[in-house]
Amino acid sequence: MKRHAMSLGIAAASLMLVGTAQANETLEAEMHKVSAEGVGESIGTVSIEEGEHGVLFTPDLMGLPAGAHGFHVHQNPSCEPQENESGEMTPALAAGGHYAPDGADNHEGPYGEGHLGDLPVLVVGDNGEATTPVLAPRLTLDDLGDVSLMVHEGGDNYSDDPAPLGGGGSRIACGIIEKNA
């Protein structure tokens, strides 16, 4: 109950921070489970709106493991598996790395100066649902489109130390962000 109340508080604060969406444009990514075999079933959507203080990602997801998960925008609009350097099929590897149009090669989280696609962690409740919005203060809607949105197994410490890319694990869910026509 205490965790649920905290999640509601974070969600309310995020909604207040985002302000009024500019021109009411909303993007959406349908998220799917991913594995080395390919793209699987839909697990819900993430709505994406720009406001005065950045871009708000509002998940409506189910069927994920409870806890904190790395959550990032990736550079390519694909959720397909691909062979890694070792020749092993890797879930959603065709999405490429974290979105970094300026060439940043470090992971510093949403408030650092690393990858632009570094988002706050996605919190999944004990029921497998993620509904708490996260705010990306450095992104705009113009940055998004023809990219993917990724959920990783495990958390994110917003650093490359002691493990690269926040120490998160495998890619477990992915969706493509497309601009509205």
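A nonpolar core, as I use it today, is a set of buried Ala, Val, Leu, Ile, Met, Phe, Trp, Tyr and Cys residues joined through side-chain atoms within 4.5 Å. Buried means under 20% relative accessible area, with a 1.4 Å probe and protein chains only.

Quick caveats. This is a predicted model: local features need pLDDT of at least 70, side-chain atom pairs count only at pLDDT 80 or more, and totals for chains, interfaces and linings use all residues. Residues are numbered from 1 along each chain as its sequence is written, and side-chain values use heavy atoms, with hydrogens and water left out.

Now the core. The largest one has 29 residues. Phe57, Leu139, Leu144 and Leu149 have the most contacts inside it. Take leucine 139. Beyond its neighbours within four places in sequence, it contacts (heavy atoms within 4.5 Å) residues including Phe57, Tyr99, Leu116 and Leu144.

Next, Phe57 again. There is 1 aromatic pair in the structure. Ring centres must lie within 6.5 Å to pair; planes under 30 degrees apart count as stacked, over 60 as edge-to-face, the rest as tilted. Phenylalanine 57 and phenylalanine 71 have centres 6.2 Å apart and planes at 75 degrees, so this pair is edge-to-face. Both phenylalanines are buried.

Last, the sulfurs. The structure holds 1 disulfide, meaning cysteine sulfur atoms within 2.5 Å. Cysteine 79 is joined to cysteine 174, S to S 2.1 Å. The S-S torsion is about -75 degrees, so the disulfide is left-handed. Both cysteines are buried.

And where do they sit? Cys79 and Cys174 belong to a second, separate core of 6 residues, which also includes Ala92 and Met150.

Note on methods
Phe/Tyr/Trp six-rings, centres within 6.5 Å; stacked < 30°, edge-to-face > 60°. Buried < 20%, exposed > 50% of the residue type's maximum accessible area, 1.4 Å probe, protein only.
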